Amino acid sequence: MWEVVGDGVLLVAGVLIVCTGCWSWRWPERVRGLMAGAPVWLMRCSAVGFVLTGCAVGAFGGFDLADRRSEWLVGPLRAGGVLLVVFSMVGAVALRQRKHDAS
């Protein structure tokens, strides 16, 4: 029973992560945290990464609910999404530091 609850939580978490990515794509000026003040294109790269990661998390939960394994699909999706998010955040911090050093 607890496996079903965990898979359901993964499914819901995936949908919420996708919603976060869609929100940050739609309103990049409202983004806070490490991405605040970054160029819009960098925020949108991060948003795409969040959508890919959310799809992977949701798919992992959904496939586990159906008692199926699909690492060939979920693995590259999750890796691509996480890499996009991490590189976008590193780029935002580097641009902010460069802007800070120039002033």
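Reply:

**The nonpolar patch and other sites**

Val82, Leu83, Val86, Phe87 and Val90 make a nonpolar surface patch of about 460 Å². Patch members have over 30% relative accessible area and no salt bridge, with nonpolar side chains (Val, Leu, Ile, Met, Phe, Trp, Tyr) joined within 5 Å and like charges within 9 Å. A salt bridge here is a side-chain nitrogen of Lys or Arg within 4 Å of a carboxyl oxygen of Asp or Glu. Areas come from the Shrake-Rupley method with a 1.4 Å probe, and for residues only the protein chains shown count as cover.

This is a predicted model, in which local features need pLDDT of at least 70 and side-chain atom pairs count only at pLDDT 80 or more, while totals for chains, interfaces and linings use all residues. Residues are numbered from 1 along each chain as its sequence is written, and side-chain values use heavy atoms, without hydrogens and water.

Val82 belongs to helix α3 (residues 71–102); helices (H or I, at least four residues) are DSSP runs numbered from the N terminus. Val82 is partly exposed because its relative accessibility is 38%, where buried is under 20%, exposed over 50% and partly exposed in between.

Gly33, in the loop between α1 (2–26) and α2, counts as exposed at 53%. Gly33 and Met89 are 56 residues apart in sequence, with C-alpha atoms 9.6 Å apart.

Asp64, in helix α2 (residues 40–65), is buried at 15% relative accessible area. Leaving aside neighbours within four places in sequence, Asp64 contacts Asp7 and Arg69 (heavy atoms within 4.5 Å).

How values were computed. Helices (H or I, at least four residues) and strands (E, at least two) are DSSP runs, numbered from the N terminus. Buried means under 20% relative accessible area, exposed over 50%, partly exposed in between (1.4 Å probe, protein chains only).
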